[in-house]
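Here is a short briefing to read with the model open beside you. Take it topic by topic, and turn the view as you go.

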Amino acid sequence: MERLIECNRSAVALMRQGETIAAFSLFRTAMEVLLELPTKRQDGSKTSLQTLSIAVDDTASPQNTFCLFSKAFDLSMDMDRSTAAAVLCFNQALGCHLRGISSSDCFSTELLVEAFHYYQCVLTTASLDHMALSMAVQTNLGHLHSHLGYGSVADSYRENLRSLLLVTDERSMDIDDY
């Protein structure tokens, strides 16, 4: 698990420096390491999620409807395999997303589509027990679709966020994480 945590933190540090290609390589290495870990935690308890800041300038969507959740999530020693996979997918999606919105070349749309696929992986992997992660994904998917000009799809993510907020009284969410 230490190697997995180090790969994630190094990749996030590279994203902070704008070195997303190198970060993607480390995220892939982290995924390979993750596959070697046991599938379930022994005690079945829930892990808390911590975030790592990434400095980003303008993160508002073109219609000013969404502000990108630009913090990567950290891994911890007590994290189960599915949560770790969701965190790595989110962090890689964020890297693609940041590069896609800051790039003026023809690959920016491809990067945003790649980010979309990683965010979708998070949704299929993550448990709703991690409300901050779920809300970060919904926010960033809304931002991504808004950025691409799909306002009605972006609106559906805003509605998903509202629904998630309605269940926060049943599940704990650390406000520092969101």
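What covers the buried residues of H4? The cover includes helix H3 (81–102) and H5, where covering is judged by contact (heavy atoms within 4.5 Å). This is a predicted model, in which local features need pLDDT of at least 70 and side-chain atom pairs count only at pLDDT 80 or more, while totals for chains, interfaces and linings use all residues. Residues are numbered from 1 along each chain as its sequence is written, and side-chain values use heavy atoms, with hydrogens and water left out.

**Helix H4**
- Helices here are DSSP runs (H or I, at least four residues), numbered from the N terminus.
- Ser108, Leu111, Leu112, Ala115, Tyr118, Tyr119 and Val122 are buried in H4, where buried means under 20% relative accessible area, exposed over 50% and partly exposed in between (1.4 Å probe, protein chains only).
- Down the axis of H4, these buried residues fall within an arc of 120°, so they line one face of the helix; the arc is that of the directions from the helix axis to the C-beta atoms.
- Glu110 and Thr124 are exposed on the other side of H4.

**Helix H3**
- H3 has 22 residues and reaches 32 Å between its first and last C-alpha, close to the 32 Å expected.
- H3 is mostly covered, with 17 of its 22 residues buried.

**Helix H6**
- H6 (residues 151–166) has 16 residues and reaches 23 Å from its first C-alpha to its last, close to the expected 22 Å.
- Its buried residues are Ala154, Tyr157, Leu161 and Leu164.
- Those buried residues of H6 fall within an arc of 65° seen down the axis, so they line one face of the helix.
- Ser152 and Leu166 are exposed on the other side of H6.
- Helix H4 (108–125) and helix H5 (131–147) are included in what covers the buried residues of H6.

**Asparagine 140**
- Asparagine 140 is found in helix H5 and is buried, with a relative accessible area of 0%.
- Not counting residues up to four places away in sequence, Asparagine 140 touches Leu68, Phe69, Phe90, Leu94, His97 and Tyr119.

**Cysteines**
- The structure holds zero disulfides, a disulfide being a pair of cysteine sulfur atoms within 2.5 Å.
- Cysteine 7 is buried, with a relative accessible area of 8%.
- Cysteine 67 is partly exposed, with a relative accessible area of 48%.

Definitions and conventions:
Helix = DSSP H or I, 4+ residues; strand = E, 2+ residues; numbered from the N terminus. Expected span 1.5 Å × (residues − 1).
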